[in-house]
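Subject: Structure for you to look at

Dear colleague,

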Amino acid sequence: MRYLLTLGILIVAGAASQTSAATFGKCKFNTEAMAFAGTPGEQASCLLRKVKILGNVDATPAQLPSNLAGFIGKPVEISRPKLQQAISATGLTEAALGGSLDAPVSRGNSNNPHAPEARYFVIHDTSSPNFGNVAQFPADIDTSNQVNRLDGFKSASNAKAHIFLNRRGEIYVGHDFGVPWRATKLELQIGTLARGMFLHIENVQPRRKHPSQPDGNAPMPGFSPAQYDRLALLYLMASVRAHTGLVPAFHAAIDQGLSDGHDDPQNFSLEDFDAAFGRLLASVK
Ligand SMILES: [Zn+2]
């Protein structure tokens with residue numbers, strides 16, 4: 001497999017037409033199509049299957065809620081001035097939300113100009129900080145400094161994701177969405193070809209020790225209303241830059257079928273995300 005894949009990359013790099021395509025993961029990422037199997041909506045249904053404890057991903061495809069269903073894979077039609085108003089209303093700049101609306105998102109094959117633009121908006125949870133053997137998470141989990149510090153994720157050039165989003169809605173931009181960056185096993189296994197096809201959002205979610213959950217027990221609800229609102233804005237902005245409704249995806253669903261997968265995001269409410277996205281869409285029509 002490794003040999004074939006290396007060969008595939010060499011041939012693509014040489015711009016020849018005959019590549020040996022390979023397929024990765026449960027949702028079947030194909031290195032020739034540079035996409036998972038199916039229409040963008042079908043891909044989202046596979047990639048948004050509920051992530052249960054221990055990283056067990058639901059076998060049943062997710063039922064896409066209405067706002068996402070009407071948006072994924074379609075040309076983005078919104079009022080640019082109204083989106084800029086919505087951004088101003090947050091008190092943040094475009095740069096503080098992953099980069100300028102006028103700049104493209106990353107491309108595959110590590111920003112090769114001949115590769116397609118990023119297609120996947122990957123939702124992670126940080127699975128940290130871990131509170132150890134406590135009976136309960138702090139009552140002020142959505143505001144507390146104990147939970148919401150972003151300092152530990154900061155790095156001048158080597159942040160683990162494009163965006164880190166805490167429960168207060170604060171954001172640290174590790175990389176502009178134009179930077180090709182990897183944060184899943186699937187991307188690592190595919191190699192350079194996949195680098196740039198995925199945009200990565202880490203949502204701060206604490207864990208606490210649990211005897212049968214090595215990655216820790218997650219809070220319920222998993223995320224704050226401010227996180228869903230900000231995540232919706234980031235998703236819309238990245239899609240504007242890609243000119244197409246990106247395919248949202250859960251990390252664990254992407255890596256399902258590969259060894260040593262993660263269990264994130266835990267307790268993510270697709271309905272709450274869709275509702276936040278719907279409110280945002282209504283405000284930028
Ligand atoms: Zn992850």
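How many disulfides does a search of the whole structure find? The search finds one, where a disulfide is a pair of cysteine sulfur atoms within 2.5 Å. Please bear in mind that this is a predicted model, in which local features need pLDDT of at least 70 and side-chain atom pairs count only at pLDDT 80 or more, while totals for chains, interfaces and linings use all residues. Residues are numbered from 1 along each chain as its sequence is written, and side-chain values use heavy atoms, with hydrogens and water left out.

The disulfide joins Cys-27 and Cys-46, with 2.1 Å between their sulfur atoms, and because the torsion about the S-S bond is about -90 degrees, it is left-handed. Cys-27 sits in the loop between β1 (23-24) and β2 (29-30) and Cys-46 in helix α2, so the pair ties together parts that are 19 residues apart in sequence; helices (H or I, at least four residues) and strands (E, at least two) are DSSP runs, numbered from the N terminus. Cys-27 is buried at a relative accessible area of 3%, and Cys-46, at 18%, also counts as buried (under 20% relative accessible area, with exposed over 50% and partly exposed in between, using a 1.4 Å probe and protein chains only).

Turning to the sheet, five strands form an open, mixed arrangement in the order β5-β4-β6-β3-β7, where two strands pair if DSSP finds at least two bridges between them. Its edge strands, each pairing on one side only, are β5 (171-173) and β7 (247-250). Strands β3 (residues 120-125) and β6 (residues 198-203) pair in the parallel sense over six bridges, and Tyr-120 has Phe-198 as its bridge partner in β6.

Best wishes
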